[in-house]
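Please keep the sequence and the model in view while reading.

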Amino acid sequence: MAIPESFTLWSVLAALLQLLIVLSVIVRVMLTRHPPGSAFAWILLTTILPYFGFLLYLAFGERPIGRLRAKRLKAAIERWGQLSQHKLTPLGPLPRHLARHRTLLRLAAKLAGMPLATGSSALLKASSAETIQSLHKDIAAANESIDMEFYIWEDGGEVREITRSLIAAARRGVRIRLLVDDFGSRVFLRSEAKKLLEREGIVIASALPMKFLRFFGLQRADIRLHRKTVVIDNKVAYTGSFNMIDPRSYAGASVVGAWVDAMVRVEGPAVRALAAVWQFDWALQPDGDLTDFEETFAAETTLNVGDAVIATVPSGPYANGDHNLLLVLEAINRAEHTLTITTPYFIPTESVVCALFNAVLRGVAVTLIVPEKCDNPATGWAMRRYFDELLESGVRILLYEGGLLHTKSISVDNEFAVFGTLNIDNRSLHLNFELMMAIFDQAFVRDLSLLHAEYETHCRELEADAWRNRPLSDRLREGASFLISPLL
């Protein structure tokens, strides 16, 4: 039976189109400087599933934030350049006890585009309950303004206390603005709780709205605002891992347990840096106002309130390079005696893995604390793919069994800490809007070390021999998840 000529023609055209798609993606990936693992994953996916892979690459392959937001970004960065000329620290020369860390501090300030803030205070809030209680107290004392941004905001449970506090503040005449991620807070943005807050005069905006038509504006769908920041009266600020949600009420709590979070409460000159980050994010939204930069950093004296020296380092898809990745690498490289890392998701770059290997070879006692159960199964399996080499090298791995450990922290030699919103995974290191603080403060580092010790009491330690004897089925799951890990 003869094959219809039209069928043959369409087959040839389809084959040529597939070839064109595959070659286009390969060339684009080569020119865009993807990490090697991510580049290979995209090429493999597009080769196996040309049309599906091509559409996925258009949606998730690069880091565009949309034409409108990119235009606002350009203006915001110009203001940021002016901001970097402000002097946040009133103390003058670097304190003598920090002289040995001058290169790290110089790096952090350079990455942030903001000067170092000395004369500050940094108080660790070691749980969600402690954070909510402290926020409630500070909101109740607010006189002028409250600015907040969160990846997840969901009304209910303990968050109702914050809602009531905000309403009371709004009725006192306090200006309140909330910026929440459009994906992480999608339930809240469609809720009666949002309408209630807006009726009280509270301004609420969604960051990076996920709308189909945005695709044609070249906005990547999965870039998220992952920062958690609160600024009250430009005098008190918070950041860390806590989302504005009752830690026991989220969808996966019944399976992996409650979220376990920590925040830092900041006063003094460092507050102005956190305020600048918030204003930067607000300005990127269509209704943002760039004049807020000028208001926040008008010439004024910020009093010393403590001994903390703090460098605030934001990162995101707008930056040339992955700023918080560079900060993490430098922190690991500075370790001489002890290094403890807590993260809910550990899918590191090869540079992070090599830095950990080097730390062990230098004689550093390296401890990695991650949750026993992960709310994303693929991420959990991919994370375990790294355990073989880490255990063999001498890294101590502890699996936290008391819930979903969500705290993102690094403690180095009990001398300084890197603390904030960053997960050690591709999404946080390379894509999302994140925020970390390099904190040099004896009291804060001591409290963080005590918190790490408390976490350890709820952990089981992995033994290298037992881990090597795990079932083949587990190894296969780890391998399959590892192949797609650059895309997670």
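Helix axes are lines fitted to C-alpha atoms, over the stretch in contact, and the angles between their N-to-C directions run from 0 to 180 degrees. The model is a predicted one, in which local features need pLDDT of at least 70 and side-chain atom pairs count only at pLDDT 80 or more, while totals for chains, interfaces and linings use all residues. Residues are numbered from 1 along each chain as its sequence is written, and side-chain values use heavy atoms, with hydrogens and water left out.

The protein chain has 20 helices and 17 strands; these are DSSP runs numbered from the N terminus, helices being H or I of at least four residues and strands E of at least two. Of its 488 residues, 56% count as buried, where buried means under 20% relative accessible area, exposed over 50% and partly exposed in between, for a 1.4 Å probe and protein chains only. Among contacts (heavy atoms within 4.5 Å) between residues at least 6 apart in sequence, 81% join residues at least 24 apart.

H15 contributes Ala 378, Trp 381, Ala 382 and Arg 384 to the contact, and H20 contributes Asp 474, Arg 477, Glu 478, Ser 481 and Phe 482. By class, this contact of H15 with H20 has four nonpolar, one polar and four charged residues. In this classification Ala, Val, Leu, Ile, Met, Phe, Trp, Tyr, Cys and Pro are nonpolar, Asp, Glu, Lys and Arg are charged, and the others, Gly among them, are polar.

Helix H13 (residues 323-334) and helix H14 (residues 350-361) have axes 9 Å apart at an angle of about 10°, which makes H13 roughly parallel to H14. On the H13 side, Leu 325, Leu 329, Ile 332 and Asn 333 meet Ser 351, Val 352, Ala 355, Leu 356 and Ala 359 of H14. The residues of this contact of H13 with H14 divide into seven nonpolar, two polar and no charged.

The axes of H5 and H13 come within 10 Å and cross at roughly 175°, so H5 is roughly antiparallel to H13. Here Thr 103, Leu 104, Leu 107, Ala 108 and Leu 111 of H5 make the contact with His 323, Leu 326, Leu 327, Glu 330, Ala 331 and Arg 334 of H13. This contact of H5 with H13 comprises seven nonpolar, two polar and two charged residues.

How are the buried residues of H5 arranged around its axis? In helix H5 (residues 102-112) the buried residues are Leu 104, Leu 105, Ala 108, Leu 111 and Ala 112. They cover an arc of only 130° around the axis, which puts them on the same side of H5; the arc is that of the directions from the helix axis to the C-beta atoms. The face turned away from the buried side of H5 carries the exposed residues Arg 106 and Lys 110. Lys 110 has a relative accessible area of 72%, and its C-alpha atom is separated by 9.1 Å from that of Val 313, 203 residues apart along the chain. Just after H5, Gly 113 takes a positive phi of about 70°.

A nonpolar core is a set of buried Ala, Val, Leu, Ile, Met, Phe, Trp, Tyr and Cys residues joined through side-chain atoms within 4.5 Å. The largest such core has 86 residues, of which Ile 332, Leu 339, Phe 346, Leu 356, Phe 387 and Phe 444 touch the most other members. Helix H11 (residues 270-283) gives the most to this core, with seven residues. Apart from it lies another core, of 31 residues, among them Ile 132, Ile 162, Ile 167 and Phe 188.

Leu 208, in the loop between strand S4 (203-207) and strand S5 (229-232), has a positive phi near 55° and is buried at 4% relative accessibility. Asn 234, in the loop between S5 and strand S6 (236-240), also has a positive phi, of about 55°, and is partly exposed, with a relative accessible area of 34%.

Key:
Parallel < 35°, antiparallel > 145°, perpendicular 65-115°, else oblique.
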